[in-house]
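Please consult the sequence and the model shown here.

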Amino acid sequence: MDPAYAATAQRILAADSSLVPDFWQTKYKSEASRNWDKFYNRNTTNFFKDRHWTDQEFEELRPGHTFAENSPVLLEIGCGVGNFVWPILERNPDMFVYACDFSARAVRFVQTNELYNSARCRAFVCDITKDRLAATIPPHSVDIVSAIFVLSALPPEKQADAVSNILEILKPGGRILFRDYGIYDLAQLRFKSGHKLEENLYVRQDGTLSYYFSVERLRGLFVRHGGLLELENDYVVKKLVNVKKSIDSDRVFVQAKFQAPIDTFEIEHAMTGTSL
Ligand SMILES: C[S@@+](CC[C@H](N)C(=O)[O-])C[C@H]1O[C@@H](n2cnc3c(N)ncnc32)[C@H](O)[C@@H]1O
């Protein structure tokens, strides 16, 4: 990331020192699934667009990729109404896709979509911070877990529980594909005072949470806590130039790939945080 941009962003963020009171913090966190359910009640399937870009960013999502031995199995956590799932199913006729979300309304939208075919897809309600994925999916049977703009919806103290949950269903050698909001993203800089719960965690107008990741935070979660190998972990910065106001502001995302170790040699590397 450009150091000058990062320094300006740090100055802007440091100016916001007021925190949401504890009562409201607890309420937003305990009512998270309710607030997302209301989000889908208001927006139905119209808010997010289908994510057609994912196989350009992640080769594992391209048909015929040799990564999985047989028909690959994918789990999309926090699937919403299926915007990630539909293009993947269409392009990969061999793939079986599990999709879960803690909004029952979102899951119903997936299950009732005309593209939903129970021979190739299973959508289910699950709060990834507390409901065991292994209760629905056979342990260590999934080749790819996609985490696309979902971990940012979790408060930081629950993110490690979600990672542990995923590890129970990931195959040895299986991969986690991650894309989410990065620190100093334009949306983080735009929060008005009164929305900050703690460093890098904010509440939106509709009560949903938004956490902004650093690559170090991700490494802590997946490598140090999860014991996974880091294959990729970088900021993706998209420059936006506002000619009218002559302000440059960036969309900042973090894109990463982690792999479950296959043998003891790789496990030792993972434990010392070495990337392949
Ligand atoms: C920004 S949407 C992303 C949807 C989808 N991954 C996509 O790329 O279009 C985040 C989703 O995560 C879900 N979510 C948030 N916290 C969750 C949790 N603890 N367990 C399961 N799903 C969760 C929300 O209900 C929401 O549908």
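A crossing is called left-handed if the near helix is turned anticlockwise from the far one by less than a right angle, and right-handed if clockwise. The model is predicted: local features need pLDDT of at least 70, side-chain atom pairs count only at pLDDT 80 or more, and totals for chains, interfaces and linings use all residues. Residues are numbered from 1 along each chain as its sequence is written.

**Helices α7 and α9**
- α7 passes α9 in a right-handed crossing (helices are DSSP runs of H or I with at least four residues, strands runs of E with at least two, numbered from the N terminus).
- The axes of α7 (residues 156-167) and α9 (residues 215-225) come within 10 Å and cross at roughly 40° (axes are lines fitted to C-alpha atoms, for helices over the stretch in contact, and angles run from 0 to 180 degrees between N-to-C directions).
- α7 and α9 are therefore oblique to each other (under 35 degrees counts as roughly parallel, over 145 as roughly antiparallel, 65 to 115 as roughly perpendicular and the rest as oblique).
- Gln159, Ala160 and Val163 of α7 meet Leu221, Phe222 and His225 of α9 (contact requires C-beta atoms, placed from the backbone, within 7 Å).

**Helices α3 and α6**
- α3 (residues 32-43) packs against α6 (residues 104-111) at about 45°, their axes being 7 Å apart.
- That angle makes α3 oblique to α6.
- In this pair, Asp37, Tyr40 and Asn41 from α3 meet Ala104, Arg105, Ala106 and Phe109 from α6.

**Ligand surroundings**
- Among the 22 residues around the ligand, Trp36, Gly78, Gly80, Phe102 and Ala153 come nearest (a residue is near if its C-beta atom, placed from the backbone, lies within 6 Å).

**Annotated span**
- The end C-alpha atoms of residues 75-176 lie 9 Å apart, and the span is 26% helix and 27% strand.

Technical notes
Two residues are in contact if their C-beta atoms, placed from the backbone, lie within 7 Å.
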